[in-house]
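Please look through the sequence and the model first, and then read on.

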Amino acid sequence: MTFAPRTLVATLVLAALSLTAAAQTPTADTTGWESEPLKLRLFYPSDLVKGDPEKVLHDGHLTLFNVDNPKLAAETHCLRPALLLELPQSGPAQTTETQPAEDGTTRVTVKPAITASILLAELDIDCLNAEHESSSTTLLSDLAEIVIKVPGMKSIAQPSWYNVGWQKVHMAAAQGQAQPMQPADSTNPAVPQSLYAMGISTNWNSHLLVWYFSSNNIDTLNRITKTTVRFGRAEAAPLYPLPMGTAAP
């Protein structure tokens with residue numbers, strides 16, 4: 001698979017200094033969501049719709065990006081989904097474009113419909129065994145960096161810590177060909193999906209939270225990662241304020 005080269009603006013900035021997401025007023029094209037137990041409020045793009053968080057559970061563990069993998073399941077089995085937002089598909093699953101090629105033939109380009117999702121999950125501390133809980137000092141970074149461990153994905157930015165307002169968060173991002181769950185009918189295997197993903201984790205009010213953003217379109221990923229969050233009484237600020245690039249070919 002080949003990716004168009006882009007300048008990794010976010011990587012260069014985060015490598016040089018700590019990033020702080022400044023407060024901003026939620027725009028008119030966003031929808032609010034609030035959790036009283038978490039003392040948390042989100043403002044996400046209004047074209048996303050809420051789905052059933054239980055749909056991301058498979059055999060008792062959380063599945064990311066429709067990928068079911070034993071090693072990945074070990075990383076996600078203690079995550080509890082709290083909110084699922086998805087971009088509804090209003091048209092065909094894919095479209096085709098034809099253009100004449102230089103050799104006189106016709107070039108056919110298949111473009112899949114744009115997909116996008118935001119998943120907010122909380123780490124269930126009681127689920128962790130006592131040994132892991134007492135020995136691990138990287139729980140938050142591990143949560144975000146799961147996106148790099150998805151089979152077929154690779155990192156496109158240095159995992160980094162920065163502040164959303166006064167709240168410290170950890171970010172990791174990846175792109176690649178994620179291998180979806182295979183259907184029981186092996187004669188029609190699922191095709192790997194082009195994907196861009198970001199994980200952002202934080203320890204807020206004694207809750208270990210993580211957001212997983214995904215899309216098959218980098219511009220859409222950049223749009224949904226601008227979802228703003230309000231921690232307690234703090235002003236709303238974007239979860240990731242910079243544009244994310246893609247990896248070089």
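Leaving aside its neighbours within four places in sequence, which residues is L40 in contact with? In this predicted model, L40 is in contact with W33, E34 and S35, with L120, with W204, L209 and W211, and with V229, R230 and F231, once those neighbours are set aside. L40 also belongs to the largest nonpolar core, which has 35 residues, and is listed with M171, I200, W211 and F213 as having the most contacts inside that core. In soluble globular proteins, nonpolar side chains tend to be buried together.

The strands give a further view. Four strands form an open sheet in the order β2-β3-β15-β16, and their pairing is antiparallel. At the edges of this sheet lie β2 and β16, each of which pairs on one side only. Strands β3 and β15 run antiparallel and are joined by four bridges, and R41 stands opposite R230 in β15.

| Strand | Residues |
|---|---|
| β2 | residues 30–35 |
| β3 | residues 40–45 |
| β15 | residues 228–231 |
| β16 | residues 237–238 |

Taken as a whole, the chain has six helices and 16 strands, and 43% of its 249 residues are buried. Of the contacts between residues at least 6 apart in sequence, 65% join residues at least 24 apart. The accessible surface of the chain comes to about 13000 Å², and carbon and sulfur atoms account for 52% of that surface.

Definitions and conventions
Residues are numbered from 1 along each chain as its sequence is written. This is a predicted model: local features need pLDDT of at least 70, side-chain atom pairs count only at pLDDT 80 or more; totals for chains, interfaces and linings use all residues. Side-chain values use heavy atoms; hydrogens and water are left out. A nonpolar core is a set of buried Ala, Val, Leu, Ile, Met, Phe, Trp, Tyr and Cys residues joined through side-chain atoms within 4.5 Å. Buried means under 20% relative accessible area, exposed over 50%, partly exposed in between (1.4 Å probe, protein chains only). Contact means heavy atoms within 4.5 Å. Two strands pair if DSSP finds at least two bridges between them. Helices (H or I, at least four residues) and strands (E, at least two) are DSSP runs, numbered from the N terminus. Accessible areas come from the Shrake-Rupley method with a 1.4 Å probe; for residues, only the protein chains shown count as cover.
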